[in-house]
Number of protein chains: 2
Amino acid sequence: MAEKSVFRYTVEPESVDFTSRASVSSMFNMILHAAGKDAHRRGFGIDVLAERNFGWVLSRMCLELDRMPAEYEEFTLHTWIGGYNRLISTRNFTLTDKEGNEFGRAVSQWCMLDFDTRMPLDMNTLAKVHDGTIVDAPSPCDAPKRIGTIGSEPIAERKVAYSDIDFNRHMNTMRYIDFAFDTLPIEVPEKLQAMRMDMNFMKEARYGDSLILACEENDAQYNFEFRNGAGEALCRMTLDIK
Amino acid sequence: MAEKSVFRYTVEPESVDFTSRASVSSMFNMILHAAGKDAHRRGFGIDVLAERNFGWVLSRMCLELDRMPAEYEEFTLHTWIGGYNRLISTRNFTLTDKEGNEFGRAVSQWCMLDFDTRMPLDMNTLAKVHDGTIVDAPSPCDAPKRIGTIGSEPIAERKVAYSDIDFNRHMNTMRYIDFAFDTLPIEVPEKLQAMRMDMNFMKEARYGDSLILACEENDAQYNFEFRNGAGEALCRMTLDIK
């Protein structure tokens, strides 16, 4: 049986927002960094898959934070693959502080994409990538939820630019979060204490595509939908303020 | 006599652009990370200055890269304070690859700002922050140049948003670079082999400020000027493609 992987992070000055606490997008950045690094170390990273022109693509993800870590705070991140089915591999995360108290948790669901066809691959045909890496421990929180259509009118629009795209040539996860947060009243990140964010990725946004953002607010929940110029949903996101 | 500080970096997947090489803004990010960390370790970091409501503010900077490092490439960064005068402290950097070959170098000039008055402080009144940290080695390249007015018409405009601002509540250096690169033809970062970038910071851009970008192109040189809504220059930048 495999063991959980352990990473240590420090909230560096470049990861904090104007409140001197880690921003939500930088927390996603550290968590996704650990995911990439763990896959790389265990031999099924994007570098190995790229040899066959395959790659991991994030399908859904959720993150719960009981508080926002402060600048220079150190924390420990545990990550493990909890299992997989035909289309989805599930990677879990917990975040614990110096005293060993868990203050955050995340669940991510990944597809393996064939970049030649841009279609998902059947995970079973490549099941050996996971051999010996599954950790028999439950996810630390509810799985990322399916987010339904958000019908409201656009509140912001721009083109996907050079700095938005990653090695996959598609819009980077952190940039979706930044774009959404940039439309919120500044008091939301300023007063943020605890939160849960769910993300659903439906369709890639590529360089030059239009990115149209709609948002609905209900009490302490913000629901975002990113659409392309054809009106198709690219990504949906809910932010629950606790 | 103090010694140069040494940092080791790996070009992580989140630092590369669609060419699978480090982006210019992520190279600045790593270099400025080292600057902050070195100041922190030596006891004159932003955390210590913040106790008196002072802070380091970047005034000018240049970066030369002979090539763009590839994903997962490791490099060594040396950094040292070369000296200071009444208003400016100079920090130098060299970047060397695994074989010990220098492939990049940078010079940065910093002011110490009093956040109560938003005015620069006389470095001599705080000269002891530098005591024993000056390294008697010349800057590895020409100092950042003074960039004159760029008179051309705006090519892009937006507001300074939440994700653009740092703990100082002003526009982050990397975001200026991203914004400028986002307006370039995509072939510029795609074909980029070697470059020098100079930056002059004249005035802070703060949350909600208008950010108006003008650009002039001459052969292999792009000159950028960021202005606020009142037409004042905030930051100028030149990119020389080698």
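**Figure 1. Helix 1 against helix 3 in chain B of the predicted model.** The axes of helix 1 (residues 24–41) and helix 3 (residues 173–183) of chain B come within 9 Å and cross at roughly 170°. Axes are lines fitted to C-alpha atoms, for helices over the stretch in contact, and angles run from 0 to 180 degrees between N-to-C directions. Helix 1 of chain B is therefore roughly antiparallel to helix 3 of chain B (angles over 145 degrees). Helices are DSSP runs (H or I, at least four residues) and strands likewise (E, at least two), numbered from the N terminus. In helix 1 of chain B, Val24(B), Ser25(B), Phe28(B), Asn29(B) and Leu32(B) meet Thr173(B), Met174(B), Ile177(B), Asp178(B) and Phe181(B) of helix 3 of chain B (contact: heavy atoms within 4.5 Å). The residues of this contact divide into six nonpolar, three polar and one charged. Ala, Val, Leu, Ile, Met, Phe, Trp, Tyr, Cys and Pro count as nonpolar, Asp, Glu, Lys and Arg as charged, and the others, Gly among them, as polar.

**Figure 2. Helix 1 against helix 3 in chain A.** Here helix 1 (residues 24–41) and helix 3 (residues 173–183) of chain A pack at an angle of about 170°, with axes 9 Å apart. These two helices of chain A are therefore roughly antiparallel to each other. Val24(A), Ser25(A), Phe28(A), Asn29(A) and Leu32(A) of helix 1 of chain A meet Thr173(A), Met174(A), Ile177(A), Asp178(A) and Phe181(A) of helix 3 of chain A.

**Figure 3. The interface of chain B and chain A.** Chain B and chain A bury about 2,900 Å² between them, 55% of it on carbon and sulfur atoms (accessible area, 1.4 Å probe, lost on putting two parts together, summed over both). Each chain gives 32 residues to the contact. Four salt bridges are found across the interface (a side-chain nitrogen of Lys or Arg within 4 Å of a carboxyl oxygen of Asp or Glu). In one salt bridge, the side chains of Lys37(B) and Glu12(A) meet at 3.1 Å, N to O.

**Figure 4. A salt bridge within chain A.** Arg105(A) pairs with Glu64(A), the closest N and O atoms being 3.0 Å apart. Arg105(A) lies in strand 5 (residues 102–114) of chain A and Glu64(A) in strand 2 (residues 54–65), 41 residues apart. The whole structure holds 34 salt bridges over all chains.

**Notes.** Residues are numbered from 1 along each chain as its sequence is written, and chains are lettered from A in the order in which they are written. In this predicted model local features need pLDDT of at least 70, side-chain atom pairs count only at pLDDT 80 or more, and totals for chains, interfaces and linings use all residues; side-chain values use heavy atoms, without hydrogens and water.

Conventions
Parallel < 35°, antiparallel > 145°, perpendicular 65-115°, else oblique.
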